[in-house]
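These are my notebook entries on a structure that I looked up for a reader new to it. Please have the sequence and the model at hand while following them.

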Amino acid sequence: MTKRRRTRILLGVTGSIAAYKAAEIARYFMKRGCVVRTVISESAEKFISSLTFESLTGQPVLRSFWEETKPGAIGHIALADWADGVVVAPASADCIAKAAHGFADSPLLAILLATRAPIVFAPAMNVNMFEHPQTQENIDTLRARGVTFVDPGSGSLACGWKGRGRLADASEVYSVTMRALGPHDLIGKRVLISTGPTREAIDPVRFISNRSSGKMGVALAREAYRRGATVTLVHGPLSPSPRLPTTIHRVSITSATELREEMLRRVEDSPDIVIMAAAVADYRPAQAASEKIKKSAARRAIELEANPDILVEIGERKGGSPKPFLVGFAVETGTPEELVEEVRRKLSRKNADLMVGNLAQDSFDKDTNRVCLVPRRGDTISTDTARKSAVARKIFDLIGDLTK
Ligand code: CTP
């Protein structure tokens, strides 16, 4: 897969008790491959030292107009031009008010005027300050100019009050920022994804399941969100439960029967793209015992009956219509050549537009995957091993090409 230039994030830190959390946000972006530089306000320095950011990011921190980073360079303009995205976290009421009115009496405010990059604000303040009509009006003004806001969380605030005003956590700030940076090719599109294993009850304490981690479907949900889609993720038991952007609608199911019900109901709302990444159990115990089955004979059998094939049912409902664009997954255990053959067979049997094939040994319990992409029309593409996030990007690139 092609190596991309690292995303450049300019982190603006303003005066709020939550300023210490900006260090964690810087780390979070860096761990995900971004280069982070920091501009810090005078009042933020009362809460956290610029040295913290210098040490964490390995980059000089811009603190004032009079301490430019390179002799002869105008530091704040150079930074405004350098950034792919500007993230103000925490954004204080004062910073939001000044930005809304075009003030430029600090390096960060000047950067907010000078930059052409997307801007994201993550507010943090006392609940009454946040809910004050003036602050809300300032937020509306900035929103109308294209600034993105990460909604603050609710809970106990450092000032002693309870309510909205807590700085959103690093993963939320990151997801919202990545969505603001785009690409925006799925804006206005609705994407329905299933992932994870199902569990078929034998009795109240036992079940039949499989080794699916659900990570591939989670990566697809994150990628669809990043591209601007409205995303619903129907998932079986996932451990650990993944952190997802708060606006991804999560629906948790246990059995194949529940998954079928949730998927078919949602398909009725005609989503644009449906991806069946779930590892659905093909069989369930014909009768789940209502009490725990006690140990008895040396051998015993469990009678199984087939679960309906959800992808086939969705494929039948779709018929010859282009919508939804239907994607299925297939996991096999043979050779890569056998995989492609089997995936082709499943593609036509299930009336999918695209099947993604992977081998169990490449995928289960892993953060990476190696897949073959078999579209109904067009050539088969085989990828190298890459992180599931990169594979998800590739899958949506292909869906974009196939639906042009
Ligand atoms: N699938 C489904 N409902 C099922 C079984 C599978 O919707 N009861 C979907 C999966 O989500 C996946 C695709 O069908 O998108 C292929 O699943 P897979 O288990 O590889 O194929 P099967 O048709 O079950 O064939 P087999 O297990 O014999 O390989």
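In which hand of crossing, left-handed or right-handed, does α1 pass α8? I found that α1 passes α8 in a right-handed crossing. I note at the outset that the model is predicted.

**Entry 1: α1 and α8**

I looked up the two helices themselves. Helix α1 covers residues 21-31 and helix α8 covers residues 170-181. Their axes lie 9 Å apart, and the packing angle is about 55°.

I then listed the residues that make the contact. From α1 these are Glu24, Ile25, Tyr28 and Phe29. From α8 they are Ala170, Ser171, Val173, Tyr174, Thr177 and Met178. Sorted by class, this contact of α1 with α8 has seven nonpolar residues, two polar and one charged.

**Entry 2: α3 and α5**

I turned next to helix α3 (residues 75-82) and helix α5 (residues 107-114). Their axes come within 9 Å and cross at roughly 45°. That angle makes α3 oblique to α5. I recorded the crossing of α3 and α5 as right-handed.

On the α3 side I noted His76, Ile77, Leu79 and Ala80, which meet Pro107, Ala110, Ile111 and Ala114 of α5. In the contact of α3 with α5, I found seven nonpolar residues, one polar and no charged.

**Entry 3: the second largest pocket**

How much space lies in the second largest pocket? I read a value of about 840 Å³. The pocket is lined by 35 residues, of which Ala278, Ala279, Val280, Phe329 and Val331 are the closest to its centre.

I also asked which elements contribute to the lining. At least two residues each are supplied by α9 (215-226), α11 (310-318), β17 (325-332) and α12 (336-349). By class, I recorded 16 nonpolar, 12 polar and seven charged residues in the lining of this pocket.

**Entry 4: Asp365**

Where does Asp365 lie? I located Asp365 in the loop between α13 (360-363) and β19 (368-369). Leaving aside residues up to four places away in sequence, I found that Asp365 touches Arg211, Ser213 and Lys215.

For Lys215 I also looked up the spacing to Asp365. The two residues are 150 residues apart along the chain, and their C-alpha atoms are separated by 8.1 Å.

Notes: Residues numbered from 1 in each chain as written. Predicted model: local features only at pLDDT ≥ 70, side-chain atom pairs only at ≥ 80, totals over all residues. Heavy atoms only, no water. 1 Å grid on protein atoms, 1.4 Å probe; cavity = no way out; pocket = protein on both sides within 12 Å on 5 of 7 lines; lining within 4 Å. Points joined across faces, edges and corners; volume = space filled by probe spheres on them. Helix = DSSP H or I, 4+ residues; strand = E, 2+ residues; numbered from the N terminus. Nonpolar A, V, L, I, M, F, W, Y, C, P; charged D, E, K, R; others polar. Axes fitted to C-alpha atoms, helices over the stretch in contact; angles between N-to-C directions. Left-handed = near helix turned anticlockwise from the far one by under 90°. Contact = heavy atoms within 4.5 Å. Parallel < 35°, antiparallel > 145°, perpendicular 65-115°, else oblique.
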